[in-house]
Amino acid sequence: MGRKVFVSYKYADSKVEDLDVYEDREVFGMLTKVKVTTTARHYVDKLSEELEKDDEIYKGEDDDESMESLADSTIASKLGDKIFDSSVTVVLVSKGMKEALSSENEQWIPWEISYSLKEQSRKNVRSKTNGVIAVVLPDETGSYEYYITRDEECNCRTLKTDFLFQILRDNMFNVKEPNKRPCNGSDVYSGDCSYIQSVKWVDFIKNISKYNDKAIELRDKIGDFNPTKTIK
């Protein structure tokens with residue numbers, strides 16, 4: 001049995017690069033291939049295909065159900081069932097992943113990250129904290145610069161974490177003993193400085209097992225970090 005991977009994402013986010021997706025639609029009574037708007041869900045379809053090739057198992061939500069009418073106990077049950085036996089959680093970071101008019105505790109992604117980081121007990125079996133990796137999707141122009149930029153002078157990359165959910169931000173640059181160097185008035189981190197590391201989709205999809213293995217490695221060294229497991 002392969003490793004089980006839970007995928008957290010904003011189902012309907014269309015602020016992503018076009019994947020040239022066609023779906024069967026009925027047009028004037030005939031079934032026709034029609035080009036549709038690419039969303040984060042289409043990237044999940046691609047990811048689940050690649051996971052299967054690597055003998056890994058996709059686990060995640062199949063729709064974008066509203067949380068508005070759900071009690072906390074219902075959310076816990078839904079997520080507990082999905083996440084309990086998974087070992088890695090892949091969070092798809094996309095430009096429109098947050099709903100600006102809703103608080104973070106009313107959106108699925110923070111809850112999914114929180115439950116991925118918590119240990120759960122069921123029938124005398126205790127799960128481990130998941131390894132978690134942030135996979136960054138390209139935006140409508142094919143760029144990653146809304147989140148990842150390159151600083152050639154400091155020979156490093158910059159992560160624009162300000163737009164992320166708080167629980168994601170809190171689990172980045174959270175190593176207890178950081179390895180830092182100064183450059184242009186700020187600190188540059190090196191090594192495994194974040195429990196949740198960030199990788200571009202184009203790199204991740206070429207070698208999924210490599211990055212999932214890294215997430216597990218960091219999970220096994222979670223004592224080196226200051227993890228945040230609850231939504232603030």
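Which residues form one aromatic cluster with Tyr-146? The cluster is made up of Tyr-146, Tyr-147 and Phe-163. The structure is a predicted model.

**Aromatic pairs**

- The structure holds 8 aromatic pairs.
- One of them joins Tyr-43 and Trp-201 in an edge-to-face arrangement, with 5.1 Å from centre to centre and 85° between the planes.
- Tyr-43 belongs to helix H1 and Trp-201 to helix H5, so this pair ties together parts that are 158 residues apart in sequence.
- Tyr-43 is buried, with a relative accessible area of 1%, and Trp-201 also counts as buried, at 9% relative accessibility.
- Another edge-to-face pair is formed by Tyr-195 and Phe-225, with 5.7 Å between the centres and 70° between the planes.
- The Tyr-195 and Phe-225 pair links distant parts of the chain: Tyr-195 is in the loop between S12 and S13, and Phe-225 is in the segment after H6, 30 residues apart.
- Both Tyr-195 and Phe-225 are buried.

**Nonpolar cores**

- The largest nonpolar core has 49 residues, and those touching the most other members are Leu-47, Val-90, Leu-92, Tyr-147 and Phe-204.
- Elements that each supply at least two residues of this core include strand S1 (4–8), helix H1 (40–53), strand S5 (88–93) and helix H3 (108–117).
- A second, separate core has 6 residues, among them Leu-79, Trp-108, Trp-111 and Tyr-115.
- Tyr-147, a member of the aromatic cluster, touches residues including Val-136, Thr-158, Leu-159, Phe-163, Met-172 and Ser-198, when residues up to four places away in sequence are not counted.

**Helix H3**

- In H3, 10 of the 10 residues are buried, so the helix is largely enclosed by the rest of the structure.
- The buried residues of H3 include Trp-108, Pro-110, Trp-111, Glu-112, Ser-114 and Tyr-115.

**Largest pocket**

- The largest pocket has a volume of about 640 Å³.
- It is lined by 29 residues, of which Arg-157, Leu-159, Phe-173, Tyr-189 and Cys-193 are the closest to its centre.
- Strands S8 (131–136), S10 (156–159), S12 (186–190) and S13 (197–200) and helix H6 (208–219) are the elements that give two or more residues to the lining of the largest pocket.
- The lining of the largest pocket divides into 16 nonpolar, 8 polar and 5 charged residues.

Note on methods: Residues are numbered from 1 along each chain as its sequence is written. This is a predicted model: local features need pLDDT of at least 70, side-chain atom pairs count only at pLDDT 80 or more; totals for chains, interfaces and linings use all residues. Side-chain values use heavy atoms; hydrogens and water are left out. On a 1 Å grid over the protein atoms alone, a cavity is a set of points where a 1.4 Å probe fits but cannot get out, and a pocket is an open set with protein on both sides within 12 Å along at least five of seven lines; lining residues have an atom within 4 Å of a point. Grid points are joined across faces, edges and corners, and a volume is the space filled by probe spheres set on the points. Helices (H or I, at least four residues) and strands (E, at least two) are DSSP runs, numbered from the N terminus. Ala, Val, Leu, Ile, Met, Phe, Trp, Tyr, Cys and Pro count as nonpolar, Asp, Glu, Lys and Arg as charged, and the others, Gly among them, as polar. A nonpolar core is a set of buried Ala, Val, Leu, Ile, Met, Phe, Trp, Tyr and Cys residues joined through side-chain atoms within 4.5 Å. Buried means under 20% relative accessible area, exposed over 50%, partly exposed in between (1.4 Å probe, protein chains only). Contact means heavy atoms within 4.5 Å. Rings of Phe, Tyr and Trp (its six-membered ring) pair if their centres lie within 6.5 Å; planes under 30 degrees apart count as stacked, over 60 as edge-to-face and the rest as tilted.
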